[in-house]
Amino acid sequence: MTVYIIGAGPGDPDLITVKGRKLIQTCPVVLYTGSLVPRELLQDTAPGAMIADTSGMHLDEIIGHMKSAHARGQDVARVHTGDPMIYGSTAEQMRRMEALGIPYEVIPGVSSYAAAAAALSQELTLPELSQTVIISRCEGRTPMPQGEDLVALAQHKATLVLFLSVAMIRKISRQLRPILGDDCPVAIVYKASWPDQLILRGTLETISAQVTDAKITSHSIIIIGRVLGATDFAESRLYAADFSHGYRKAKVEEPLV
């Protein structure tokens, strides 16, 4: 018996790994986060499978289903949105399972931040502009550890990717404008890869009004940084003709005679 913690992807039911889909189709118990996991993924579950939406459950109730399945010797597909290792609230479930001796395995998924970058057709790391991506959130009911507040993170001038924060966009803009500049580009992707996906593009000065006008309060990825829309970045050395690596020798210019 194993509990499979499965990343279901950002919303498009095709953005799930083959392994994850097969487990959902074969496990006799399926626990899924109904608030975000697309229902299409549950259409081909095993005949007679016990399917439960955990979006209204607390942790003890979720673990209770796992304990019951463990006692019956039944595998469990624990289906999370996006990738379960980023803001997935999976660590506390794994800790409980370890204490109870319940085996588990993690199946990675496509994160919503990756789907947001794809929707924008935007590489988040560009040569000589930003080679670092910081994934974080704005402090809300969950406090931030010391040194991880947005002001401190923004000092790196790296590409910022913020989860769970769009409702606090005014606070974010107010904090970051003195550091990154009023004209620093911002993109917000609401429900990346879903049919009702919405993209907002602006700057730290303008984005708050756009979010208010669009009435967006949740389910969004915020991306902040100079990589957004940049066209004057240096080209990667990876494909440069004069650059050698393990799979290609540099082409040497023949001298003019």
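Tutor: The following dialogue sets computed values against the definitions of the terms used.

Tutor: This is a predicted model, in which local features need pLDDT of at least 70 and side-chain atom pairs count only at pLDDT 80 or more, while totals for chains, interfaces and linings use all residues. Residues are numbered from 1 along each chain as its sequence is written, and side-chain values use heavy atoms, with hydrogens and water left out.

Student: How many helices and strands does the chain have?

Tutor: The chain has seven helices and ten strands. These are DSSP runs, numbered from the N terminus: helices are H or I with at least four residues, and strands are E with at least two. The C-alpha trace spans about 80 × 50 × 35 Å along its principal axes.

Student: What makes S121 exposed rather than buried?

Tutor: The relative accessible area of S121 is 69%. Buried means under 20%, exposed over 50%, and partly exposed in between, with a 1.4 Å probe and protein chains only. S121 is therefore exposed. This residue sits in the loop between α4 (112-119) and β6 (133-137), and its C-alpha is 9.4 Å from that of G229, 108 residues away in sequence. Of the 257 residues of the chain, 42% count as buried.

Student: Why is T2 called buried?

Tutor: T2 has 17% relative accessibility, so it counts as buried. T2 lies in the segment before β1 (3-7). Leaving aside neighbours within four places in sequence, T2 is in contact (heavy atoms within 4.5 Å) with D75, V76, P103, Y104 and E105.

Student: Why is G34 called partly exposed?

Tutor: Its relative accessible area is 28%, so G34 falls in the partly exposed class. G34 is found in the loop between β2 (29-32) and β3 (50-53). Beyond four places in sequence, G34 touches D53 and S55.

Student: What makes Y87 and F163 an aromatic pair, and why is the pair tilted?

Tutor: Rings of Phe, Tyr and Trp (its six-membered ring) pair if their centres lie within 6.5 Å; planes under 30 degrees apart count as stacked, over 60 as edge-to-face and the rest as tilted. The centres of Y87 and F163 are 5.1 Å apart and the planes form an angle of 45°, so the pair is tilted. The count by this rule is one aromatic pair. Y87 lies in the loop between β4 and α3 and F163 in strand β7, 76 residues apart. At 38% relative accessibility Y87 counts as partly exposed, whereas F163, at 7%, counts as buried.

Student: What makes a set of residues a nonpolar core?

Tutor: A nonpolar core is a set of buried Ala, Val, Leu, Ile, Met, Phe, Trp, Tyr and Cys residues joined through side-chain atoms within 4.5 Å. The largest such core has 24 residues, of which I172, L176, L180, I188, V211, I222 and I224 touch the most other members. Elements that give two or more residues to this core include α6 (169-180), β8 (185-190) and β10. The largest share, five residues, comes from α6. Apart from this core lies another of 15 residues, among them C27, Y32, V79 and I107.

Student: How do you know that the chain has a pocket, and what lines the largest one?

Tutor: On a 1 Å grid over the protein atoms alone, a pocket is an open set of points where a 1.4 Å probe fits, with protein on both sides within 12 Å along at least five of seven lines; lining residues have an atom within 4 Å of a point. About 1100 Å³ of space lies in the largest pocket, the volume being the space filled by probe spheres set on the points, which are joined across faces, edges and corners. The lining has 41 residues, and L36, T81, Y87, G88 and L164 are the closest to the centre.

Student: What draws attention to K215 and H219?

Tutor: Most residues other than glycine have a negative phi. Phi of K215, however, is near 60°, and phi of H219 is near 50°. K215 lies in the loop between α7 and β10 and, at 70% relative accessibility, counts as exposed. H219 is found in the loop between α7 and β10 and, at 38%, counts as partly exposed.
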